Amino acid sequence: MLKHSFKILFFLVLLASACKEKQDYTKTTTSQEVNWKAAQDYYAKHITQAAELIDTLNTVKYNDSLAKTLFFKLRIAFKKAEPFAGALNPSVTHKANGPALPTYNDDSGRIVSPVGLQKIEETLFTEDGNQKDFLRELYYQKGFVNNLKENIKKRELTPKRFFIGTHQQLIRIASLAMAGFDTPVTGKSIEETAISLSSLHQVYKLTLQPLIVEKNKKLDTDFSKNISEAISYIKKNTDFILFDRYTFIRDYLNPITKNWVEIRQTSQLWDGKTNAYPFNFNAPTFFEEDSFNANYFLDVNDRNPSEEKIALGKKLFFDKKLSSDGAMSCATCHLPNKGYTDGLRLGKDNNKALLQRNTPTLLNSIYQKAFFWDGRANTIDDQISAVFKNDKEFNTDVHRFSGNILKDTTYITLFKNAFGVVPNSNRETVRAISVYVSTLIGFNSKFDKDLRGETSNFTAEEKNGFNLFMGKALCATCHFIPLTNGTVPPFYKETEKEVIGVPKTSKNKVLDNDRGFYWVFEEDIHNKMFKTPTVRNSTLTAPYMHNGIYNTLEEVVNFYNLGGGAGLGFNLDHQTLPFDELKLTDKEQKNLVAFMHTLTDNTVAGEK
C-alpha cells in the first residue's frame, strides 16, 4: 500500500513538472527563454544616462557650446529609452518631448509655460533663450526623466509592453521624425531616426533574435538587412529639407514594419489583439485600409458594433424625422457625394439660413479626440447629441425619443435587433448613428496604394509634394501622417487645436471675428483656436477653413506660405503656426496641391 502511494506521488510530481514545462513553453514558445531583463537593463541604462546629462547641463551656461553638445547626447539617450518609457507612461513621455507651447490646465485653470526637450532646444538654439528659463526647463525635464526612470526600473518588461512600445516608436518615425516635429529648431529628427532604428535592432538582438533564428532564419536576415539599409540611406541623406521621405518610408521603413509584424507573429508571444490602443498591430504598414483601430476611438459601450447597429445608424442618418420640423437629417449637411460635407461656405439650417461655421467632412472623423471646429466635444456621441439639442439643427431634447420615427414600423424591428428594446429616449439613436459614422473610413487613396507598394503611379510632382508636406512646408507637424489630422501620434489621446489666424474673407485683409475654442474657458491663449482637420479627401470638401472662405486648395496653401494670420499682419499673440513666410516657390505650391489630390479615396468603407 505504501509502495503504491509512492507511485501515485511520483506520478503527480511528474505531471506537475510536465505542466510547468508546458506553461513555460507557452510563455516563450521555445526551449530558450527570451532575455527580457537584458532589454529592460538597456532601457534603464539610457534613461539613467539622460538623467545624468541633465545634471551636467545644470552646471553649464545655456549659451556655452558645450550645452548644445550635451543636449544632443541627452536627446539620443532619451530616444533609446523612449519605447519602453512610452509604453509605461504615455503622458509623461509626451510632456518630456512634446511641443514647445503653453498649455491650459483644466483642473487648476492655470496657463502652464512650455517645458520638455523641444523647449530646451528652443532656448539653446534661438536668440530668445536665457539662463533662468534654461534652468527652469532642466528642472522640469529632470522630474519627467526621473519619473520614467523609476517606472523603467521597477515595472517588468513584458512581451506585450515590448511590442506596443516598439510599434509606437515606428509610428513616431513615420509621422513625427519625418516631419521634424521632435526637433523643430535643429532639424535633427532625420538623423535621430537612424538612432531609433539602431536601438531597435540592438534590443532585438538582446531578446528575440535567438528565438526568431530558430523559427525563421530568413526573417532574421531580412530584418537585419533592412535595418542596415535604412540606416545607411539616412547617413547618406541627412539634410532635413532635401531628405526624400517618400522613398525612405516606402522602400526602407515599410519593409521594417512588415518584418516587425512578422517577428511578433512568429514569436507567438503576444497576439496583438486589443481595443486599448489605436493600432491594428497586425497591419504590415501604417498605410493599410485597417492600420488603425476605430474601436479605440469609440465610446467603450459602442465598441465592436454589430451589423444591426450599423444598419440602424445608417437608416437614421438619412431620416429627416430626427429633426423637430421633419426637414433636416444628418445627410442634409453631410452629403456622401460631396465627401460628407455640403459644399457650402457655411452650413445649412433647414435650407433657410446659415450655421456659424463650415460643415466638416465625416470621412475618417472617428479618428479624433475632439469634435466640432472648436473642438468642444470630446466624443462623437457628444457631438451628435449637441446636434439634436441645437435649435438651428434638430432642435429636439436628446432625452426625448421622437414618436415620428416609429411611424416607420421597420424601426421597431431594427431597434430590437440592435439594442433589444424600443427606446424611450434618443440615447440609442445617438449610439447607432455614432457607430455608423465610425464606418465612414477610407485609406484606399492613390497615396495609400502607392505607399504600401500596391502601385507605383506617383508622379514627380506628387512625390515632391509629399516631401514638401512632410518637410519644408511644415504641414505634417500639425496634419500628422498617415491620418493627416491633428490627432497626435503615437498615443492618439488628443486632437490638437491651433491658432492660425484665418481671415474674414479670401481677400486676407481682416481677421475673422470667430473666437473658436475661446468661449469654453475664456482664456486668451485659446482665442481664434480651432481643431486641426484632416487633409484627406480635401479635393471633395471645398470650401475650406472653419468659415469656408477659400474655394481652392491653392488659396489655402498661399495662406500658409505667407505665415498665416501673423504673416498677413494680424495681431495674434498666441499664434501656434510659424508666422515667418515658408518661401515656397510657385512650383512647390503646385506640387503640394498635386500631392493633396492623391489623398482622395476611391472607395469609402462604410458605403461599400
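**Group meeting: a walk through the chain**

Let's start with charge. The chain has 77 positive and 71 negative charges, and their mean positions are 4 Å apart. Lys and Arg count as positive, Asp and Glu as negative, with His and the chain ends left out. Each charge is placed at NZ of Lys, CZ of Arg, CG of Asp or CD of Glu.

Now a word on the model. This is a predicted model, where local features need pLDDT of at least 70 and side-chain atom pairs need 80 or more, while totals for chains, interfaces and linings use all residues. Residues are numbered from 1 along each chain as its sequence is written, and side-chain values use heavy atoms, without hydrogens or water.

Next, the overall build. The chain has 23 helices and six strands. These are DSSP runs numbered from the N terminus: helices are H or I, at least four residues, and strands are E, at least two. The radius of gyration is 27 Å, close to the 25 Å from the globule rule for 608 residues, so the chain is as compact as a globular protein of that length. That radius is taken over C-alpha atoms, and the rule is 2.2 Å times the number of residues to the power 0.38. Along the principal axes, the C-alpha atoms fill a box of roughly 90 × 75 × 50 Å.

Of the 608 residues, 55% count as buried. Buried means under 20% relative accessible area, exposed over 50%, and partly exposed in between, with a 1.4 Å probe and protein chains only.

On to the core. The largest nonpolar core has 149 residues. Helix 2, residues 36-57, gives the largest share, 11 residues. Such a core is a set of buried Ala, Val, Leu, Ile, Met, Phe, Trp, Tyr and Cys residues joined through side-chain atoms within 4.5 Å. Trp-260 is among those with the most contacts inside it. Leaving out residues up to four places away in sequence, Trp-260 touches several residues, including Phe-162, Leu-200 and Phe-223. Contact here means heavy atoms within 4.5 Å.

Is His-167 buried or exposed? His-167 is buried, at 7% relative accessible area. It sits in helix 7, residues 159-177. Beyond four places in sequence, His-167 touches Phe-279, Asn-280, Phe-281 and Phe-286.

Lys-61 is exposed, at 54%. Lys-61 lies in the loop between helix 2 and helix 3. Its contacts, again beyond four places in sequence, are Ala-67, Gln-131 and Phe-134. Lys-61 and Thr-332 are 61 Å apart, C-alpha to C-alpha, and 271 residues apart in sequence.
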